[in-house]
Amino acid sequence: MREAVLSCVLVAATAQAAAGQDIRVRPVPRDGRIYVSFSMTEAFSEDMRDAIRSGLETSFSYDVELRRGGPFWFARTIAATVLTATVRYDNLTRRYHVTRAQDGRVEGSEVFDSEAEVRRWLTSFERMPLFSTERLEANAEYSLRVRARTRPRRGGLPWPFGRHEAAGLAKFTFIP
């Protein structure tokens with residue numbers, strides 16, 4: 001029985017480590033906020049480019065969770081938010097219309113001519129002030145987990161196994 005539990009823990013840790021390679025996450029607690037930077041390294045496949053160029057609205061959704069570690073692999077979620085980046089290509093003007101939203105509220109929109117700029121806008125977030133440090137305990141260990149999914153889907157297994165297509169995790173100790 002003990003070996004079975006240990007095996008499950010090792011498999012879960014290996015799966016988490018493998019999933020964590022897809023998104024690079026960097027939290028920075030400063031001035032009463034937690035600033036989050038992350039980027040998804042392998043987001044643009046040829047299928048994704050084709051979907052965008054067809055004029056189909058394409059979105060990247062990121063579930064960002066601030067968690068406090070617990071015994072074994074259990075962690076308590078302190079705060080969570082959803083960031084969404086959406087692009088629509090206009091075939092007539094050959095321009096990309098992109099929008100970013102947090103928890104459904106539009107935070108900004110741009111129009112780009114360059115696919116490289118669109119890629120950066122959709123897959124890279126820098127110093128986003130997502131969470132407050134008010135509820136954090138000093139000298140405690142926390143983790144920041146980012147899970148991503150795309151629409152239209154890039155393929156993979158059907159729900160529930162393929163719901164999140166990429167993930168990343170970063171641990172930090174909160175020192176006020």
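A residue is called buried here when its relative accessible area is under 20%, and because Thr-133 has a relative accessibility of 13%, Thr-133 counts as buried. The structure discussed throughout is a predicted model, and Thr-133 is placed in the loop that connects β7 (124-132) with β8 (141-151). Leaving aside residues up to four places away in sequence, Thr-133 is in contact with Gly-32, Arg-33, Ile-34 and Phe-174.

With a relative accessible area of 36%, Thr-41 is partly exposed. The C-alpha atoms of Thr-41 and Asp-22 are 6.2 Å apart in space, while 19 residues separate the two in sequence.

## The chain as a whole

The protein chain contains three helices and nine strands, and when read along the sequence these elements follow the pattern α-β-β-α-β-β-β-β-α-β-β-β. The chain has 176 residues, of which 38% count as buried.

Among the contacts in the protein chain with a separation of 6 or more, 59% are between residues 24 or more positions apart.

Four residues lie between the strands in the hairpin of β4 and β5, where Arg-94 takes a positive phi near 60°.

On the other pairing, strand β5 (residues 95-102) and strand β6 (residues 105-112) run antiparallel and are joined by seven bridges. His-97 stands opposite Val-111 in β6, and Gln-102 has Arg-105 of β6 as its bridge partner. The hairpin of β5 and β6 has two residues between the strands, and in this hairpin Asp-103 adopts a positive phi near 50°.

## Helix α3 and its N-terminal cap

Helix α3 covers residues 115-123, and its buried residues include Val-118, Trp-121, Leu-122 and Thr-123. The N-terminal end of α3 is capped by Ser-114, with a side-chain oxygen placed 3.2 Å from the backbone nitrogen of Ala-116.

How many aromatic pairs does a search of the whole structure find? The search finds six aromatic pairs, and ring pairs link Phe-38, Tyr-62 and Phe-125 into a cluster.

Two aromatic rings also have Arg-100 lying over a face. For Trp-121, which is among the buried residues of α3, Arg-100 lies over the face at 4.6 Å from the ring centre. For Phe-125, which belongs to the cluster with Phe-38 and Tyr-62, Arg-100 lies over the face at 3.9 Å from the ring centre.

Technical notes:
Residues numbered from 1 in each chain as written. Predicted model: local features only at pLDDT ≥ 70, side-chain atom pairs only at ≥ 80, totals over all residues. Heavy atoms only, no water. Buried < 20%, exposed > 50% of the residue type's maximum accessible area, 1.4 Å probe, protein only. Contact = heavy atoms within 4.5 Å. Pairing = 2+ DSSP bridges. Phe/Tyr/Trp six-rings, centres within 6.5 Å; stacked < 30°, edge-to-face > 60°. Lys NZ or Arg CZ within 6 Å of the ring centre and 35° of its normal. Polar contact = N/O pair within 3.5 Å; in protein donor to acceptor, adjacent residues only side chain to side chain.
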